[in-house]
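Reader: I am new to this structure. Please take one part and look at it closely, then show me what lies elsewhere.

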Amino acid sequence: MNELIKISEISERYAITTRSLRYYEDMGLISSTRSDDYAYRLYDKSAIKRLEQILILRRLNISIKDIRRVFDISGSNVVLEILDKKVNDIDDEVALLHELKEIVLEFIRQIKDADFSNDSDVKQLYEKAKDIEAQIVNINYDGNSSNVNRLLEITGKLEKKPDIVRKLPHFYNIFNVSKPIEAYELYHKAFGVEKVSEDYPNGAAHIGIEVNGFFILLRQEEEPVADKYPLQGCCVRLETEEDLRRAYDILTKEGKDYKLHSDWGWTSSAAFVTDKYSISWMLCV
């Protein structure tokens with residue numbers, strides 16, 4: 001039987017975030033399996049092998065677009081073409097870095113000519129610096145003014161932009177629930193969220209999830225939670241009305257209070273649900 005490994009274990013084994021794994025899956029680079037009675041994404045040996053190939057190519061700074069080409073087209077021709085292009089890109093970067101080095105050395109020579117190194121008076125040093133700055137602004141100094149423009153051009157070309165920018169959640173909230181693990185499974189089914197953290201201090205479960213950029217800690221508390229924490233809730237914006245209806249149907253099972261609205265002006269559909277764990281949700285699209 002093919003062994004299946006959880007997304008959290010893959011994340012730890014290869015030092016990669018679960019978000020990156022989901023991104024690779026959304027881009028069609030890898031695939032996972034999930035069953036109705038199990039909340040985690042699971043990966044088989046073929047998916048793990050594909051992930052290792054992706055990580056090697058990313059280490060070589062190969063773009064996601066080119067990695068897709070490698071996997072979509074059989075044979076080694078595409079791989080060789082992409083790697084040849086990468087070698088040329090590296091050669092171009094090396095040339096730019098050498099040119100950048102020469103420009104910096106020229107700036108160093110200009111500073112030395114201004115006799116900054118022998119000036120012990122801080123005030124005089126400041127005045128000279130201001131004078132040099134004014135000369136640069138007016139392009140009336142002994143150096144080559146084109147160096148400044150070339151420097152900006154080179155540094156712009158050398159700037160790297162990652163495929164994914166991992167933004168940390170800008171909001172943190174704690175939901176005190178009697179059964180965090182079961183609550184996570186409910187929200188996983190309703191919103192498709194994954195665990196971002198899991199801890200068991202003093203035997204109590206602490207499950208971290210991220211919903212719409214908000215980090216929420218599901219913290220275990222003894223019942224009755226609703227009496228101790230009457231106001232616990234979050235607003236979730238969903239992609240489609242179908243997603244909203246599905247989340248609404250899941251959360252209202254054994255829910256305590258719920259209403260569904262349509263055509264509010266600012267949103268085509270909205271719903272208010274207090275689920276069985278006493279967490280209130282406003283759902284909209």
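Author: Start just after helix 2, where glycine 28 takes a positive phi of about 80 degrees. Helices (H or I, at least four residues) and strands (E, at least two) are DSSP runs, numbered from the N terminus. This is a predicted model, in which local features need pLDDT of at least 70, side-chain atom pairs count only at pLDDT 80 or more, and totals for chains, interfaces and linings use all residues. Residues are numbered from 1 along each chain as its sequence is written, and side-chain values use heavy atoms, with hydrogens and water left out.

Now step back into helix 2 itself. Thr18, Ser20, Leu21, Arg22, Tyr24 and Glu25 are buried there. Buried means under 20% relative accessible area, exposed means over 50%, and partly exposed lies in between (1.4 Å probe, protein chains only).

Leaving aside neighbours within four places in sequence, glutamate 25 is in contact with Ile30, Ser31, Ser32, Arg41 and Tyr43. Contact means heavy atoms within 4.5 Å.

Helix 2 also has a packing partner. Two packed helices are described by the angle between their axes and the distance between the axes. Helix 1 (residues 7-14) and helix 2 (residues 18-26) pack at an angle of about 110 degrees, and their axes are 9 Å apart. Axes are lines fitted to C-alpha atoms, for helices over the stretch in contact, and angles run from 0 to 180 degrees between N-to-C directions. Helix 1 and helix 2 are therefore roughly perpendicular to each other. Angles of 65 to 115 degrees count as roughly perpendicular, under 35 as roughly parallel, over 145 as roughly antiparallel and the rest as oblique.

Which residues meet? Helix 1 brings Ile7, Ile10 and Ser11, while helix 2 brings Thr18, Leu21 and Arg22. By class, the contact of helix 1 with helix 2 has three nonpolar, two polar and one charged residues. Ala, Val, Leu, Ile, Met, Phe, Trp, Tyr, Cys and Pro count as nonpolar, Asp, Glu, Lys and Arg as charged, and the others, Gly among them, as polar.

Positive phi turns up elsewhere too. Asparagine 61 has a positive phi of about 65 degrees although it is not a glycine. Asparagine 61 is found in the loop between helix 3 (45-59) and helix 4 (64-72). At 39% relative accessibility, asparagine 61 counts as partly exposed. Glutamate 254, also not a glycine, has a positive phi near 65 degrees. Its place is the loop between helix 10 (241-252) and strand 9. Glutamate 254 counts as exposed, at 62% relative accessibility.

Strand 9 (residues 257-262) holds histidine 261. Histidine 261 is partly exposed, with a relative accessible area of 28%. Not counting residues up to four places away in sequence, histidine 261 touches Ser269, Ala270 and Phe272.

Last, the whole protein. There are ten helices and eleven strands. Of the 285 residues, 33% count as buried. Among contacts between residues at least 6 apart in sequence, 55% join residues at least 24 apart.
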